[in-house]
Amino acid sequence: MSAVRDVTHPLPLRPQRRPQYGSDIIVDMLQACGIVYAACNPGASFRGLHDSIVNYGGNHMPELIQCCHEEISVALAHGYAKATGTPMAALIHNIVGLQHASMALFNAWCDRAPVLALGATGPMDSTQRRPWIDWIHTALVQGTLVRDYVKWDDQPYSLASVPESLLRAYRIAQTDPQGPIYLCYDAGLQEEVVRVPPILPDPHRYAPPAPPQAHPEALERTADLLVQAEHPVAIADLLGRHPAAVASLRSLAELLAMPVIDRGGRFNFPNTHGLDATDAASDILANADVILALDVLDLFGALGSVDKATRMFQPAIGPQTQIIHITMGDFLVRSWAADYERLQAVDVPIAADTAVVLPHLLALCQARLGRAETARITARATHLNTQHRARRQQWQQAAHLARAQHPIAVPTAVAEVWEVIKHEDWVLVNNAVGAWTRRLWDWERPGCTLGSSGGAGLGYGMGAALGGVLAHRHSGKVCVNLQADGDLLYTPSALWTAAHHQLPLLVVMFNNRSYYNSEEHALDVARVRERPAANAGIGTRLDDPPVNFAQMAQAYGLYGEGPIITPDAIRPALERALSVVKDESRLALVDIVMQPR
Ligand SMILES: Cc1ncc(C[n+]2csc(CCOP(=O)(O)OP(=O)(O)O)c2C)c(N)n1
Ligand SMILES: [Mg+2]
């Protein structure tokens, strides 16, 4: 369902079947909303819904994707949502499943990703409960467990209220700022016999609202500031959730010769473009007189840098820098988690949808450009292009030099993966590497990377990557997961889901045999306190014993190679793995042991 009703493309026809049980109605509604997949880890609280999906619905719209942990189910839906722009469902078994799912819901919340978390409980009619298990697994009200980090939760009281509840949930999840919702279905309600089938509403008429345009005066002021600026800079973060906005940003950047810093919440700007300044953010910001922030989650953090050890923040911009921020972020603030970030002073705050605003802003800027501005802009473009080319060359050279290092350096592995996939139609569905992929790969298309977990809750990578694979299933695209070791050890059973559903994915383990982020903190603290650095590995390293990830993949019936410890061995291993992914439509994993950063 898009925001604007398209009468030429009606939704799939309403099923010509008669619902017999309450959960059949839920399935009819999921199909009417176009939900293709439902990730699930099973449980008796939704046995009614399970039966309806596989028997009444024929395991089609939604099709079940079996997972071994609710955190994986939700991460899968999270990755899928980012890859498609639409939600899939994750079925979550009462209280226990919801507790497992909660952290992944938190990730989706922080990442502003629409996920339909469908839970179950009860029966709420206590006379219908089985002793012990139905009692310990029933809560009043289950949604309170995750209420602080879902956009909405509901527990429909009757079958008649099921359709409206689901339509509202879908609409809320899909309306910007997007986010997860949680619906809880009473087990009794699911198993209730339908006497008179309800007339299901037409989901088209409940679509998310058309997104808002900016206030005209604020937009005029924005255009004035940008055109008059000596050094305008754009910072984009979640803008790329709408691919059209990426093209608009590119046009605006080119019109003004405005460098762009991509914060990477989604893909926002091609790194091969001469105006990409992501890898020179602090220099570019130091010079900026006007900043156009576009859907930036942490604007304060984007405008400076912090010393991790001392927590000292160093602003990158001067006090005179004018700041414009176009975001819908003000409409999604809760008190529980401080994911709203530090309050940043902004000169022109605009609550609007960047995809709607940018074409208008472009026209306003175009109308303001005179000869003097054009000459200034042309000179700026030349300068920025030259700097960009020099930086790209510098990264290439650094990667080339790093090849001699042992253990394998991170840029060496990143460069080798690129050599193997660069002629494929690839999608980076999870990236644990940090800046090096952006430095060495050509990121050019919207959706070619899916960003990170959002909530920095570990265990995200493999599940989210499989969500990306589901989204691109049968498309011929090669999905790539650059997977961190520590993150995978939270949710290794996601490999079983990949094997069971034959999800093709190239997994490259960026294996530093450590929870290195934590080891690094330990090193920093030891340095500041002048204590022995040698103990930083206690409680943080994963090298005793080292995990054999290739064998782990094999244990799930998948292809696994490694550990790879020399640069020359990387490429042949990756090529063999890629053949497995493409020819056998299976997950293949290559474990590369490397330096921590
Ligand atoms: C659920 C959860 N537990 C603990 C942490 C704290 N933490 C942040 S990064 C990190 C280490 C991650 O290790 P790995 O995934 O191997 O990445 P690396 O830092 O080694 O590149 C830990 C433990 C967290 N973010 N989330
Ligand atoms: Mg690690």
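**Backbone, sheet and metal site**

Modeller: Let us begin with M61, which is buried, at a relative accessible area of 14%; buried means under 20%, exposed over 50% and partly exposed in between, with a 1.4 Å probe and protein chains only. The model is predicted, so local features need pLDDT of at least 70 and side-chain atom pairs count only at pLDDT 80 or more, while totals for chains, interfaces and linings use all residues. Residues are numbered from 1 along each chain as its sequence is written, chains are lettered from A and ligands numbered from 1 in the order in which they are written, and side-chain values use heavy atoms, with hydrogens and water left out.

Colleague: Where does M61 lie, and what is its phi?

Modeller: M61 lies in the loop between helix 2 and strand 2; helices (H or I, at least four residues) and strands (E, at least two) are DSSP runs numbered from the N terminus. Its phi is near 45°, a positive value in a residue other than glycine. Most residues other than glycine have a negative phi, and most peptide bonds are trans. M61 is joined to P62 by a cis peptide bond, with omega about 0°.

Colleague: Which residues does the cis bond with omega about -5° join?

Modeller: That bond joins H406 and P407. P407 is in the loop between helix 13 (371–402) and helix 14 (410–421).

Colleague: And H474, buried or exposed?

Modeller: H474 is exposed, with a relative accessible area of 78%. It sits in the loop between helix 16 (461–471) and strand 15 (478–484), and its phi, near 65°, is positive although the residue is not glycine.

Colleague: Turning to the metal, which residues are the protein donors of the magnesium ion (ligand 2)?

Modeller: They are D485 (OD), N512 (OD1) and S514 (O), at 2.1 to 2.2 Å from the ion. Donors are N, O and S atoms within 2.8 Å of the metal (3.2 Å for Na, K and Ca); water is not among the atoms, so sites may look incomplete.

Colleague: How are those donor residues spaced in sequence?

Modeller: The spacing is D-x26-N-x1-S. D485 in helix 17 (residues 485–490) and N512 in the loop between strand 16 (505–511) and helix 19 (516–529) are 27 residues apart, a pair that links distant parts of the chain. Both D485 and N512 are buried.

Colleague: What is the strand order in the five-strand open sheet?

Modeller: The order is 8-7-9-12-13, with parallel pairing; two strands pair if DSSP finds at least two bridges between them. Strand 8 (260–262) and strand 13 (348–350) are at the edges with a single partner strand each, so one side of each has no neighbour in the sheet. Within the sheet, strand 9 (residues 290–294) and strand 12 (residues 322–326) are joined by five bridges in the parallel sense, and L294 is opposite I326.

Colleague: What about strand 4: how many of its residues are buried?

Modeller: Six of the six residues in strand 4 (residues 116–121) are buried. L116, L118 and A120 point one way, whereas A117, G119 and T121 point the other. Strand 3 (residues 89–92) pairs with strand 4 in the parallel sense over four bridges, and L91 has L118 as its bridge partner.

Colleague: Finally, how many helices and strands are there in the protein?

Modeller: The protein has 21 helices and 18 strands, and buried residues make up 55% of its 597 residues.
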